[in-house]
Structures are given as C-alpha cells and as structure tokens.
Amino acid sequence: MGFNFISLLFLPLLSVFILSGSDQAFASDTTLLLNTNPRNSTAAGGLSSLRGKKQRSGCNLFQGRWVFDATYPFYDTSSCPFIDGEFNCGKRPDKQFLKYSWQPASCSIPRFDGAAFLRRWRGKRVMFVGDSLSLNMWESLGCMIHASVPNAKYTFLKRTPLSSITFQEYGVTLYLYRTPYIVDIAKERVGRVLNLGAIEGGANAWKNMDVLVFNSWHWWTHKGSSQGWDYIRDGSSLVRDMNRLDAFYKGLSTWGRWVDQNVDTTKTKVFFQGISPTHYEGREWNEPRKSCTGQMQPLSGSNYPSGQPESAGVVSKVLGAMKTRVSLLDITTLSQLRKDAHPSTYGGDGGNDCSHWCLPGLPDTWNQLLYAALSM
C-alpha cells in the first residue's frame, strides 16, 4: 500500500528486461529496488525516515551532486518548437549553467534516448497535471524527444486547460492539463472559492492515461493579487484564509482519494512530481543578500543548507496514507542545489523569475529521472 519512493532505497527487487539496440537505454545495470512500506512517513520527516533505512544494495537516484558535463544540453533553445517565452533563456549571456549533469552518489542514470522512449511507449498517452512547473516539465520532455527524432512529424496544440504534443508516427501523445491547485475552484456568489474537498472540474480528462505525473504547491503560497481564489471551502466552512500548509494537505488528500478510487495502476503508472523550490531568499544557502539573479553555478555538495521545505513533508504524508502506489520523483534537493538554473531576468515575461527553470535546463534532468523510473 502507499507510494513507491523512487529514490531506489527499495527492498523488493525488480526484474530488469534486457532490450535490443538503443532500447537498452531502458535497461540499467543499477539494481532497482522499491520501498513498499510508506507508513513510516511523517508530515515533517517522511522522506528522511525512508532514506534512513539500512540497505544492502540499491541506489538513491536523488542523492548525489552536480558535475560539469560537456555533452549537455540535450537540445538547443532555437531547435525546439515547444518552449514558452518565460522559459527561454537564449538571451542569457552565460552558458555554463547548461553544462551540468546530475550524478547520483553510487550509480549512474541512463542517458535519455527519445527514439527508444517513443518505441517503448508507442500508442501510449502521457499526461502532466498541475501548474506552470508541470508546463516546464512537459515542454522539456517534448523538446528532448524532438531532439532525438528531429524529422518525426508532430502536432502541437496549446489550449487551456488541455494542451498536447503528438509524435504522429509513433502514436505517442504528451498531454498537459493545467490545474494549479488540482482541487476545484468554483465561482460562487461570494466570488472564487477554492474547494478543498472537490475534484470535478477536469478529473475525467485524467482517466485512461498510461502515465500520469501530478504536481501542485507553487500556487498555494500566493497571496494578494496573485492569489487564485477569494475564499476557501473546507467541508461546511467557508473561510477567507487558513494556514496554507494545512490547506495544501487537505486538498492533496482529496487528490489522493480520487487516485485511490479512479486509477487502475495495472494500466496506469502514477507519479507525483516532488516540490520544486524557489531561490528568492539567499539566506537559505548562506548568501542573505542574494537571489537567483547573477548565479552562474550550482551549490557544491549534496545537501541544501536550509533543508527541505515543509511542503515536501506534506506530500510524503499524503502519499503514505494512500492505498494506490504512487511513485515520488523526489526532485526537491537536487533542484535546490541549482540556484543558477532559473530564467531570472532573462525570461520572456520580464521581472526576476526565481521560480521556474530555463529550457534547456533543470527540467531535462527531471525527465531523465522519469525516464529511468519508467524503465523499471
């Protein structure tokens, strides 16, 4: 019961299928293990308690460091037709931020092969569900595949809330469903109401997918003019505001119940994209007067000085209480180390963006980790 913690600390051994040709990219010589006892998770320390389990073999893909790699990036900004202006850092004068790869401490990640991905998932549908960080990851995966098969025909539809990229020869479609809170926002007499107990607005579109990658948190912290709602409905109560972590926990728990009731994991692989950090507060990495602006290299080492955000503990707690196995892509710490990878002042939307990520860039690593997880 519960979630598969894809840090590969995991006890039951998975079989690895040996494939031919470039499809061998899906078969790793790393021992892949799964933890099936998420009940050890807690709101504040679930992930660390899992990491602390004694292991005889296996590898945590999410514990490691960033290393310079001249073979990166996977693609060029000008060669990918899917990149939004807000993620396009082509005008950024420094380019070294593109030349880092993630190196786990005790194993290696198979290099992404878009052609092998398309063959493996021929005729299948992959959907990202969430906010603009889901958009970031969706566009990245589209770019990575396109770079591997640049002559393959595709269709690209950008709509609200559902967008898609289809690689026609393979019948593979990558969907994006934009829903920043996952739970519903309804228009009521009092205004926009965030209903922590309801998922009705788009959930039918999420059904019958072969891969689902969910994400939420970014918008739960917004206040003032950027807040997406006027009131919160919590059961029978209608309130103007509440503790945002409590609200996130209740909303994500509603999502967990929806997955338990509606997703057949013998047909659908379900992932939760871990919490993506921001870099507005330099005190978090011991540079109190700085933000992501002007940062040109990752933090060294494997640990982030201020630790993981509390929202990561909420995700762990919710996944641990679910009946359905949901795999956590634990991208938080490795992303915290990349204070250099944001659009900053070079994104197309102006301002100083220390929330989203340049493309090419960090989300390509998220997708490389998803690629590794899908090979299990």
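The phi of N208 is near 65°, a positive value in a residue other than glycine. You will find N208 in the loop between helix 4 (203-206) and strand 10 (211-214); helices here are DSSP runs of H or I with at least four residues, strands are runs of E with at least two, and both are numbered from the N terminus.

Before going further, a word on the source: this is a predicted model, in which local features need pLDDT of at least 70 and side-chain atom pairs count only at pLDDT 80 or more, while totals for chains, interfaces and linings use all residues. Residues are numbered from 1 along each chain as its sequence is written, and side-chain values use heavy atoms, with hydrogens and water left out.

S344 also has a positive phi, about 55°, although it is not a glycine. Its place is the loop between helix 7 (332-336) and helix 8. S344 is buried, with a relative accessible area of 6%.

Now step back to the whole chain. The protein has 8 helices and 14 strands, and buried residues make up 57% of its 376 residues. It exposes about 16100 Å², of which carbon and sulfur atoms supply 47%; these areas come from the Shrake-Rupley method with a 1.4 Å probe, and for residues only the protein chains shown count as cover. Among contacts (heavy atoms within 4.5 Å) with a separation of 6 or more, 79% join residues 24 or more positions apart.

Four of them form an open sheet in the order 8-9-11-12, with mixed pairing; two strands pair if DSSP finds at least two bridges between them. Strand 8 (185-188) and strand 12 (237-239) are the edges, each pairing on one side only. From one strand to the next, the twist averages 30°. In general, strands of a sheet pair through backbone hydrogen bonds, either parallel or antiparallel.

Strand 8 and strand 9 run antiparallel and are joined by 4 bridges, forming a hairpin with 2 residues between them. Here A186 has V193 in strand 9 as its bridge partner. V193 also stands opposite Y231 in strand 11, where strand 9 (residues 191-195) and strand 11 (residues 231-234) pair in the parallel sense over 3 bridges.

How do helix 3 (residues 132-148) and helix 8 (residues 362-374) pack, and at what angle? Their axes are 8 Å apart, at an angle of about 75°, which makes helix 3 roughly perpendicular to helix 8. Axes are lines fitted to C-alpha atoms, for helices over the stretch in contact, and angles run from 0 to 180 degrees between N-to-C directions; under 35 degrees is roughly parallel, over 145 roughly antiparallel, 65 to 115 roughly perpendicular and the rest oblique. On the helix 3 side, L133, N136, M137, S140, L141 and M144 meet P363, D364, W366, N367, Q368 and L370 in helix 8.

Finally, look at two prolines. The peptide bond from Y72 to P73 is cis, with omega near 5°, and P73 sits in the loop between strand 2 (64-68) and strand 3 (100-104). The bond from T160 to P161 is cis too, with omega near 5°; P161 belongs to the loop between strand 5 (154-157) and strand 6 (162-167).

Terms used
Buried < 20%, exposed > 50% of the residue type's maximum accessible area, 1.4 Å probe, protein only.
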